[in-house]
Amino acid sequence: MKIIMLGAPGAGKGTQAKRIAECYGIPHISTGDIFRANIKNGTELGKKAKEYMDKGLLVPDELTCDLVVDRISQDDAAKGYVLDGFPRTIPQAEALTNALKKRGEAVDFAIDIEVPDENIIGRMSGRRACLKCGATYHVEFAPPKEEGVCDVCGDKLVLRDDDKPETVANRLKVYHDQTQPLIDYYTAAGCLKEVDGTLDIDVVFDKIREILGA
Ligand code: AP5
Ligand code: MG
Ligand code: ZN
């Protein structure tokens with residue numbers, strides 16, 4: 001099953017993608033997590049990506065597309081995957097479509113998690129992230145068992161560098177300009193499914209499971 005997650009920054013893509021991946025036994029592939037891991041490890045890719053991410057801008061397509069196409073070609077992705085944060089531009093969507101077409105495949109579900117801009121800033125300021133395993137928490141809506149510590153791997157939780165309110169505002173603008181057009185793209189492809197992302201985390205997941213038919 002090949003699934004992509006669409007939605008504004010903070011809509012809950014990562015939160016739901018992790019659950020889908022666990023439930024269906026497929027890998028969760030988040031370009032944001034891949035870039036953050038590279039930043040943490042001080043790689044060349046990380047240095048380049050950080051310049052854009054800290055401003056709330058998108059990392060250029062040429063640094064992103066090949067990375068994802070390589071990743072989905074690995075053995076663990078043979079049965080499917082959930083892509084979180086990719087594609088984010090029309091050229092990225094086309095790169096994905098073309099890479100899949102070469103193998104006679106296509107995206108099965110594009111799940112758009114809808115959350116109005118007004119709700120986003122509050123979610124971001126309360127978010128805590130684990131940069132080691134990519135787990136995401138919220139001080140109020142999804143707290144870890146022990147404050148400041150990742151339930152999954154025990155690493156320290158942090159506020160992401162790009163979760164400052166002024167950067168979040170920029171990310172929202174970039175989302176509306178560059179990523180929202182993908183809703184039409186995947187509607188035309190016949191695989192778009194919409195979910196109300198303002199509902200409780202568990203309820204959102206139930207709705208996604210209904211869509212995926214399991
Ligand atoms: P990325 O890491 O993908 O960030 P994003 O799209 O801005 O989305 P977020 O991770 O901020 O939000 P999310 O939707 O995953 O929400 P979450 O589940 O955490 O990208 C970061 C940057 O990397 C980009 O700005 C760009 O620079 C670069 N980048 C990445 N991919 C790229 C690409 N393809 N091309 C170019 N550049 C790229 O939830 C948010 C919070 O809300 C959490 O605290 C969570 O606990 C809480 N929450 C979730 N659901 C609910 C709910 N239903 N009710 C209440 N709270 C909830
Ligand atoms: Mg995320
Ligand atoms: Zn962790």
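A donor, for the metal site described here, is an N, O or S atom within 2.8 Å of the metal. With that in hand, let's start at the zinc. Bear in mind throughout that this is a predicted model.

**The zinc site**

The donor residues of the zinc ion (ligand 3) follow the spacing C-x2-C-x16-C-x2-C along the sequence. In the model, the SG atoms of Cys130, Cys133, Cys150 and Cys153 coordinate the zinc ion (ligand 3) at 2.3 Å. The angles among the four donor atoms run from 100 to 118°, and the site is tetrahedral.

Where do Cys130 and Cys150 sit in the fold? Cys130 is in the loop between β5 (127–129) and β6, while Cys150 is in the loop between β6 and α7 (165–179). The pair therefore ties together parts that are 20 residues apart in sequence. Both Cys130 and Cys150 are buried.

**Around ligand 1**

Now for ligand 1, which has 36 residues around it. Thr15, Leu57, Arg88, Arg127 and Arg171 come nearest. Sorted by class, the shell around ligand 1 has 15 nonpolar, 12 polar and nine charged residues.

Several elements build this shell. α1 (13–24), α2 (31–40), α6 (117–126) and β6 (136–138) each give at least two residues to it. Which element supplies the largest share of the shell around ligand 1? That would be α2, with four residues.

A few side chains get within polar reach of ligand 1. Thr15 has a polar side-chain atom 2.5 Å from an oxygen atom of ligand 1. In the side chain of Gln92, an N or O atom lies 2.8 Å from a nitrogen atom of ligand 1. For Arg160, an N or O atom of the side chain is 3.0 Å from an oxygen atom of ligand 1. Ligand 1 taken alone exposes 1,000 Å², and the protein buries 97% of that.

**Arginine and aspartate partners**

Two side-chain pairs are worth a look here. Arg171, one of the residues that come nearest to ligand 1, belongs to helix α7. The side chain of Arg171 makes a polar contact with the side chain of Asp163, at 2.9 Å.

Is Arg171 buried or exposed? Its relative accessibility is 11%, so Arg171 counts as buried, given that buried means under 20%.

Arg160 also has an aspartate partner: its side chain and the side chain of Asp162 make a polar contact at 3.0 Å. Asp162 is located in the loop between β6 and α7. Asp162 is buried too, at a relative accessible area of 9%.

**Other buried residues**

| Residue | Element | Relative accessible area |
|---|---|---|
| Lys2 | strand β1 (residues 2–7) | 15% |
| Met124 | helix α6 | 1% |
| Gln16 | helix α1 | 3% |

Why does Lys2 count as buried? Its relative accessible area is 15%, and buried means under 20%, so Lys2 falls on the buried side.

Lys2 and Ala106 are 104 residues apart along the chain, and their C-alpha atoms are separated by 7.6 Å. Gln16 and Glu210 are 194 residues apart along the chain, with 13 Å between their C-alpha atoms. For Met124 and Ile211, the sequence separation is 87 residues and the C-alpha to C-alpha distance is 27 Å.

**A cis peptide**

One last thing to check in the viewer is the backbone at Phe86 and Pro87. A cis peptide bond joins these two residues, with omega about -5°. Most peptide bonds are trans. Pro87 itself lies in the loop between β3 (81–84) and α5 (90–101).

Key:
Residues numbered from 1 in each chain as written. Chains lettered and ligands numbered in written order. Predicted model: local features only at pLDDT ≥ 70, side-chain atom pairs only at ≥ 80, totals over all residues. Heavy atoms only, no water. Near = heavy atom within 4 Å. Polar contact = N/O pair within 3.5 Å; in protein donor to acceptor, adjacent residues only side chain to side chain. Areas by Shrake-Rupley, 256 points an atom, 1.4 Å probe, with all protein chains shown as cover. Nonpolar A, V, L, I, M, F, W, Y, C, P; charged D, E, K, R; others polar. Donors = N, O, S within 2.8 Å, 3.2 Å for Na, K, Ca; no water. Tetrahedral: all angles 85-135°; square planar, octahedral: opposite > 155°, others 65-115°. Buried < 20%, exposed > 50% of the residue type's maximum accessible area, 1.4 Å probe, protein only.
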